[in-house]
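Hello,

Here is the structure I promised to pass on. Please have a look at it first, and then read my notes below.

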Amino acid sequence: MTLAFHRPSSIADAAKLLAGAEDGKFLAGGMTLLPTMRQRLADPSDLVDLSSLPGLAMIERTGDGLVIGALTRHADVAGSEVVKAAVPALAALAGRIGDPQVRYRGTIGGSIANNDPAADYPAALLALDATVVTDRREIAADDFFLGTFETALETDEIVTAVRFPIPLAASYEKLRSPASRYALVGVFVARFADGVRVAVTGAGPCVFRSADIEEALASAFEPSALDRISIDASELNSDLHADADYRAHMIMVLTKRAVAAAIAGH
Amino acid sequence: MTAIGIGQAPKRKEDVRFLTGRGRYVSDIKLHNMAAAFFVRSPHAHAKIGAIDSSAALEAEGVVAVFTGADLEAAKVGGLPVGWGITGSDGEPMKEPFYPVLAVGKVRHVGDPVAVVVAETPEQAQAAADLVMVDYEPLTPVVSMLDALKPEAPLVHEDVPQNLCCDWAMGDEAAVEEARQKAAHIARIELVNNRLIGNPMEPRAAIAEYDRARDHYTLYTTSQFPHVVRFLMGGLVLNIPQHKLRVVAPDVGGGFGVKQFHYAEEAALTFIAGKLCRPVKWVSERSEGFVSDRQGRDHVTEAELMLDENGKFLGLWVSTLANMGGYLSTFGPNIPTNLYAPLLSGVYKLPAIFCNVKVVFTNTLPVDAYRGAGRPEATFVLERLVDVAAIETGIDKIEIRRRNMISKEEYPYQTPVVVEYDSGDPMACLDKAIEVADIAGFEARRTEAARRGKYRGLGLSTYVEACGLAPSRLAGQMGARGGLYESATVRVHPTSHVSVMIGTHNHGQGHETTFAQIVSEQLGVPFEDIDIVFGDTDRVQFGMGTYGSRSLVVGGAALSKAGDKVIVKGRKIAAHLLEASFEDIAFEKGEFKVAGTDRAKTFAEIAGAAYVPHDYPLETLEPGLEEQAYYDPINFTYPGGAHFCEVEIDPDSGEIELCAYTAVDDVGTIINPMIVEGQLHGGIVQGIGQALFEHGIYDEETGQLMSGSFMDYCMPRADNLPSITISPQVTACAHTPMGVKGCGECGTIGSPAAVINAVVDALKPLGITHVDMPATPNRLWAIIRNAQSTSIAAE
């Protein structure tokens with residue numbers, strides 16, 4: 001089996017190369033795709049490497065928000081003074097993705113396009129009400145993450161940036177799998193002037209928001225507001241490291257911790 | 001250029017090449033015209049093998065040949081041998097079913113090799129392996145040992161009824177029954193010793209080569225004991241005469257037991273190299289290692305400890321099911337029997353012990369020795385039981401141990417389970433550990449943790465181990481089919497540089513440094529002038545290899561004996577040169593002296609003269625300065641110690657933090673304190689891995705390995721660990737030449753019980769008396785929740 005490798009220098013060329021390939025894949029940081037290929041679980045005909053596309057590795061504070069280019073690596077988000085000042089919880093989240101090697105290769109665009117059910121970034125995008133900017137449109141985070149490894153992206157659509165509003169307070173807490181260090185449960189809590197958004201990753205087939213938790217925290221943004229809420233375990237994942245009951249319980253434990261940390265941080 | 005002797009801590013010689021990336025491992029070796037092999041492995045835990053169609057694979061690009069079990073059977077290749085036979089309590093020898101190199105008729109575990117594809121490149125071999133069509137007829141697998149022993153259970157081997165390899169026992173059942181009658185209290189426990197997967201840093205690899213001109217084979221392999229591989233494979237599997245077979249184990253990246261067996265891949269490659277007359281290489285991938293390396297532990301145990309009204313131990317009864325997996329591996333049946341039951345007395349006076357072990361076949365990977373091998377399992381049973389007894393009798397856990405400990409004056413101490421401890425001072429270890437770990441301050445630490453909402457627990461484990469494997473006479477009585485001596489040759493070159501050929505194998509233990517220190521101390525030769533040669537059957541005389549904390553104890557003793565012989569020879573040469581009688585020559589500080597005079601020859605002068613024998617009395621003195629010694633120990637050695645562990649558990653989440661770990665170990669005389677500390681650190685961390693993280697899990701229905709990669713099999717990592725405090729306590733071994741006892745396995749033996757005892761102590765307020773390993777957050781949370789709901793229901 002031969003593999004065609006392309007490194008286009010424009011977004012238009014990249015999209016065209018992929019559209020023309022028999023079974024092509026975009027390559028960003030490669031932190032999921034390359035191990036999958038090594039395990040012979042993926043065997044694409046073409047790899048379209050996005051690393052030479054100009055202007056996609058950037059971080060910028062705008063009037064009302066924060067823009068992070070799709071090819072920005074986790075380590076750069078984690079270390080960015082701009083991100084730390086605007087949304088410190090986002091910098092902290094990036095600083096705890098995977099291990100140092102992953103953080104120096106993996107990109108925000110690659111992570112959200114892959115939409116691993118245990119990835120960290122999807123929780124941040126959903127809770128922060130971010131907007132995914134692509135080469136052809138803008139997609140609200142609420143409409144972007146559709147299911148396990150499934151997003152609203154077209155096959156040849158390229159994420160160019162993510163636009164985040166600035167919350168009043170936010171925090172991300174996770175329980176890592178002891179083995180893989182992926183989130184068994186991760187909870188991102190973001191408080192805005194007009195309400196609270198809470199997104200949960202790792203626990204279900206896809207990142208999701210909890211309306212019960214959001215309503216309770218909108219009325220009182222403190223851990224004790226959550227005392228009477230419990231999460232239905234029936235839709236949650238069970239595996240060697242955490243059964244569904246434990247995940248349901250840990251969603252509440254971590255949400256309380258995140259609320260406490262968000263209060264303490266502001 | 002100075003002598004660096006016993007007790008000093010020079011940096012490790014071998015680290016220069018390892019840290020600069022210049023180690024030479026099997027996978028670094030490239031031979032001319034070398035082909036690559038890939039093993040086709042069973043995806044089923046239990047299945048009949050029908051037709052195997054290799055035609056498509058043979059037509060694939062680069063493919064040279066495909067071999068199956070039938071090819072080996074036709075060539076009368078033997079089965080993989082077992083090095084240790086055990087006998088049941090009914091006098092019946094263990095069931096020892098044929099273990100084919102490539103499966104014939106049936107596969108018995110996921111990963112069982114059924115065919116080998118040889119191609120020009122590894123990628124071609126792997127791609128073609130997908131084209132080998134094996135017609136499997138799946139059978140119901142036997143996964144759990146409890147199921148395997150049921151009358152209706154499917155049979156892993158048709159000739160082994162009820163999947164029972166051996167019903168084995170040690171000790172005096174009647175005496176234990178008597179103790180039961182007299183007991184004021186009986187503490188009882190049921191526990192599982194979780195299956196472990198060793199995962200040395202370097203995966204296994206092998207290259208086989210056949211020299212047609214000399215009719216000679218060479219096997220390069222990642223082995224802890226190349227001579228034993230040569231003996232077993234040449235003598236029993238492939239029928240290659242020993243002088244026509246060379247086995248080389250070059251730099252090896254960690255073993256932990258995983259590499260101390262003769263594996264199917266070694267025999268298959270050597271066979272194939274002979275058939276094809278070209279070198280063939282195989283390098284295991286990590287994921288392949290999960291389903292082809294031997295695994296460890298896997299016991300299910302019930303045990304009872306009988307005590308009198310004062311908390312004195314009267315007797316111990318243990319009943320264990322031990323998993324062998326699908327086949328008997330090289331030492332498999334010996335580990336849960338002869339390396340387990342004799343350790344059940346621990347550091348205690350335990351007048352009556354009885355241990356029954358049912359050794360069971362299942363459709364899982366074969367189980368064999370893994371660092372500690374039987375002894376961590378025994379320690380875990382005993383030390384968990386002592387803690388249960390302490391809780392139930394209300395006697396403090398330290399006090400109950402003191403009341404039963406063997407005192408220093410009582411050594412040598414004969415246990416009721418074969419072994420006689422030659423030396424030790426467990427009370428001193430415990431006292432020192434109490435001080436170093438600041439046990440007096442623990443209650444304050446517990447109170448402070450409680451203020452933060454955390455349960456803090458203190459765990460203690462004492463232990464003793466039998467290592468320095470092994471006195472051949474005793475091993476023979478226990479069923480060993482070989483001896484367990486060790487050998488060393490000290491070759492003093494004319495320039496007085498020294499090469500030491502030793503039968504042990506260094507794969508991380510620092511032997512090149514430790515052994516050089518021994519020679520430097522003994523002969524006064526500069527540390528830098530000594531090289532340790534190992535791992536090549538053509539360069540080194542027969543030796544038994546490295547495992548069972550034996551290298552320094554047995555190999556070091558052989559080395560010291562060979563050094564003694566060099567000194568004797570040197571004295572003879574000096575006597576001639578100095579015109580004195582042999583009896584008047586003394587060897588001190590690197591010089592041969594005529595007693596009572598200032599006439600002397602340096603070691604270097606004697607070395608030179610040994611090879612320039614111009615006026616030698618040749619009828620009484622041979623030229624040369626090279627001596628060899630074999631050493632067979634008269635007893636096991638018995639390192640021991642006391643470990644304290646402190647943990648904190650968040651009752652809301654089950655998350656656990658290791659807060660402190662203190663180890664006071666008595667490993668006898670210490671040659672290099674830095675290396676000993678490193679060995680203890682590594683061993684303790686492996687034990688912590690078993691207690692908190694690692695678990696080889698098979699699906700009960702299908703026999704598939706669920707924890708088959710590092711995504712699911714959790715190795716301990718630096719951020720899981722506290723800074724470990726090591727504080728040795730030394731009592732010299734009474735019978736080894738330097739008083740050494742061995743330190744390779746201590747940490748692994750003492751730590752699982754210390755950690756779990758701490759976990760149980762933390763949860764004591766909830767009435768919890770046992771937690772199985774690994775104590776993961778999910779498991780702890782479930783236990784805490786159940787205990788809380790039970791106590792609420794009781795109110």
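**What I found**

In chain A, helix α1 (residues 11-20) lies across β1, β2 and β3, and runs at about 170° to β3(A). Helices here are DSSP runs of H or I with at least four residues, strands are runs of E with at least two, and both are numbered from the N terminus. Angles run from 0 to 180 degrees between N-to-C directions, with axes fitted as lines to C-alpha atoms, for helices over the stretch in contact. Two residues are in contact if their C-beta atoms, placed from the backbone, lie within 7 Å.

Before going further, please note that this is a predicted model: local features need pLDDT of at least 70, side-chain atom pairs count only at pLDDT 80 or more, and totals for chains, interfaces and linings use all residues. Residues are numbered from 1 along each chain as its sequence is written, while chains are lettered from A and ligands numbered from 1 in the order in which they are written.

Now the sheet in chain A. Its three strands are arranged as β1-β3-β2, with parallel pairing, in an open sheet (strands pair if DSSP finds at least two bridges between them). At the edges are β1 (4-6) and β2 (24-27) of chain A, each pairing on one side only. β1(A) is joined to β3 (residues 46-49) of chain A by three bridges, and A:His6 stands opposite A:Val48 in β3(A).

As for the two chains together, 11 residues of chain A are in contact with 14 residues of chain B. The chain B side of this contact has eight nonpolar, four polar and two charged residues (Ala, Val, Leu, Ile, Met, Phe, Trp, Tyr, Cys and Pro count as nonpolar, Asp, Glu, Lys and Arg as charged, and the others, Gly among them, as polar).

In chain B, the axes of helix α10 (residues 375-393) and helix α11 (residues 397-404) come within 9 Å and cross at roughly 115°. That makes α10(B) roughly perpendicular to α11(B) (65 to 115 degrees counts as roughly perpendicular). B:Val386, B:Asp387, B:Ala389 and B:Ala390 of α10(B) meet B:Lys397, B:Ile400 and B:Arg401 of α11(B).

Lastly, B:Gly510 sits in the loop between β20 (498-502) and α15 (511-523) of chain B. B:Gly510 is buried, with 24 other C-beta atoms within 10 Å (20 or more count as buried). Leaving out residues up to four places away in sequence, B:Gly510 touches B:Arg12, B:Asn672 and B:Ile675.

Best wishes

Terms used
Angles under 35 degrees count as roughly parallel, over 145 as roughly antiparallel, 65 to 115 as roughly perpendicular and the rest as oblique. A residue is buried if 20 or more other C-beta atoms lie within 10 Å of its own, exposed if 12 or fewer, and partly exposed in between; C-beta atoms are placed from the backbone.
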